[in-house]
Amino acid sequence: MRNSVSVPIITPMLLSLAPLRKHRDYRLLYTGQLISAFGSMITYVAVPYQVFAITHSSFMVGMLGAAQLIPLLLFALWGGAYADAMDRRRLLIVSELFLTLGSAALAINGLFSHPSVVLIFIVSALMSGCNGFHRPALDALTPRLVDREDLTAVSALLSLRYSLSAIVGPALGGICIGALCFPLTYMLDVVSFFVSLVSLAMIRSMPSEKVSRPGIQTIIEGLRYAKSRPELMGTYAVDIVAMTFAMPIALFPDMAESWGGASAAGYLYSAMSFGSLATAVFSGWTSKVRRHGAAVIIAAAAWALAVVALGFTASLVGALACLALAGAADSVSTVFRATIWNETIPNELRGRLSGVEMISYLSGPLLGNARAGWVATVSTNQISIISGGVICFIGVLGCIPLLPGFWKYHAERGEPKIVSVSV
C-alpha cells in the first residue's frame, strides 16, 4: 500500500527522458553534444590554469574573458542570422570543424618549452567567435527536433547535459593537467569534437525557414522582436546582472594553490555542476510552475547569496558546498529561462534570438571574470567574491520594480507570434 502511494509523489519530480525516447535525431544531437561538452569543459579548465601557471596572475586569467567577449559581440548576432538562413546542421558541422582546429592549436602550443600566452589568447578569442555561429545554430535546431510539449523536458535535459559535462570535464581536466600535461589534455577535446561531428553527420538535413538573406536588416528584425517581449528582455537583464557581479571562476586557479593545486582547481570548476545535476535530476516539478519570470529572479537571488557565503569560507570543502548551492540556483534559473525562450520565440527567428541570448548568457560570465580578477588584484579574493555577491543580490531584487512585466510573467501555451517589424 505504501508503494502505491509513494510512486505518484516521487515520479513527477524526476527528469523526463521522453524527448530522447521519442526522437531519433534529437537523441543523436544530444549524445554527440554531451560527449563534445566533456572535452570542451576539459579545455575550459586547462586554458585559464595554463595562463595562471605561466603568468601567476589572476588579472591575466580574468582578461581571458575580455579577449573572448569581443569576438562574441562581433559574431553572435551574425551567427544567429546565418542560423535562420541556412541549414542549421551544416552550420554546426562547419563551426565544430573550426573549433576542432582551435583545440589542436592549443595542443601544439603546449608542446613548446615556453608556450605562448599571446597565442592562447588569440586562439581563445577565435574559438569564441566560432561559438558565435555554433551556439545559435544548436539552439535553433534543437526545438525543431522535438514536440512542443517536450520543451520543458528538453530544457531540463540541457541542464543535465551541462551538469554532467561540467562535473566530469573539469575534474578530469585537473587530473589530466597533472598526469598527462597540457598538450594531451587539449587533445581529449579534439577527440570529443570528432565524435560530435559523426553524430551531426547522421542527423537529417535541416533546411532553413524562408527568410531574407543574412544582413543588418534581418539582425535588426530579431532585435526588435526581442525588445517587444518583456519576458525575453527580463531573462537577458537578470542573467547579465547575476553573472557580471557574482562570477568567481577567474579566482579558482589562485584559490586552488592553497588547497592542492591542479586537482583542487578541477574540483572547484566542477562544484557548481553538482548542484546543477541535483536540480536537473529532480526537475519534474518545474513543469508545474507558471510564474517563470519570478522563478528566474528568485533563483538568481539565491545564486548571489551562495556566492556571498563562498567569500566567508576558508576550506576547500566549504567552498565546494557553497559552489554546489550556487550551481543549483543557477540551474533553476537556466531551466526557466530556456523554457521562456523556447515557448515565446517563433521558429523563423530562433537563430537570431539565440544570438542575442548568447550575448546575454556568455557576456555576463566573461565580464564577471574580468571584474573578479581585477578586484582581487587590487584587494583580495575574499573582497572580490563578497562584494560581487552583495551587488548581485541588490541588482537582482532591483529587477522586480524595474521589470514588473517579467516578474508577473506566466507561461504561455499558445504558439508564439511574429510582431510586425518595420526596418
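Buried, throughout this tour, means under 20% relative accessible area, exposed means over 50%, and partly exposed lies in between, computed with a 1.4 Å probe on protein chains only. The model is predicted, with local features needing pLDDT of at least 70 and side-chain atom pairs counting only at pLDDT 80 or more, while totals for chains, interfaces and linings use all residues. Residues are numbered from 1 along each chain as its sequence is written, and side-chain values use heavy atoms, leaving out hydrogens and water.

**The whole chain**

Begin with a cartoon view, in which the protein chain shows 17 helices and zero strands; these are DSSP runs numbered from the N terminus, a helix (H or I) having at least four residues and a strand (E) at least two. Of the 423 residues, 57% count as buried. If contact is taken as heavy atoms within 4.5 Å, residues 24 or more positions apart account for 89% of the contacts with a separation of 6 or more.

**Helix α3 and its tyrosines**

Select helix α3, residues 24–55, and show Tyr26 and Tyr30, which lie four residues apart, about one turn of the helix. Both tyrosines are buried. Rings of Phe, Tyr and Trp (its six-membered ring) pair if their centres lie within 6.5 Å, with planes under 30 degrees apart counting as stacked, over 60 as edge-to-face and the rest as tilted. The structure holds five such aromatic pairs. In one of them, the rings of Tyr26 and Tyr30 have centres 5.9 Å apart and planes at 45 degrees, so this pair is tilted.

Next, select Tyr44 and Tyr269, whose ring centres are 5.7 Å apart with planes at 80 degrees, so the pair is edge-to-face. Tyr44 belongs to helix α3 and Tyr269 to helix α12 (residues 262–281), so that the pair links parts of the chain 225 residues apart. Tyr44 is partly exposed, with a relative accessible area of 33%, whereas Tyr269, at 6%, counts as buried.

His23 is in the loop between α2 (18–22) and α3, and it is buried at 13% relative accessible area. Not counting residues up to four places away in sequence, His23 touches Leu145, Val146, Asp147 and Asp150.

Move to helix α5 (residues 88–110) and select Glu96, which is buried at 0% relative accessibility. Its contacts, leaving aside neighbours within four places in sequence, are Gln33, His134, Phe193, Ser196, Leu197 and Leu200. The C-alpha atoms of Glu96 and Ser196 are separated by 8.3 Å, although these residues are 100 apart along the chain.

A nonpolar core is a set of buried Ala, Val, Leu, Ile, Met, Phe, Trp, Tyr and Cys residues joined through side-chain atoms within 4.5 Å. The largest has 79 residues, and those with the most contacts inside it are Leu232, Phe252, Leu268, Trp303 and Leu353. Beyond its neighbours within four places in sequence, Leu353 is in contact with Gly222, Tyr225, Ala226, Leu232, Tyr236 and Ile345.

Finally, select helix α9, residues 216–228, where Thr218, Ile219, Gly222, Tyr225 and Ala226 are buried. These five cover an arc of only 125 degrees around the axis (taken from the directions from the helix axis to the C-beta atoms), which puts them on the same side of α9. On the other side of α9, Ile216, Gln217 and Lys227 are exposed.

Terms used: Expected span 1.5 Å × (residues − 1).
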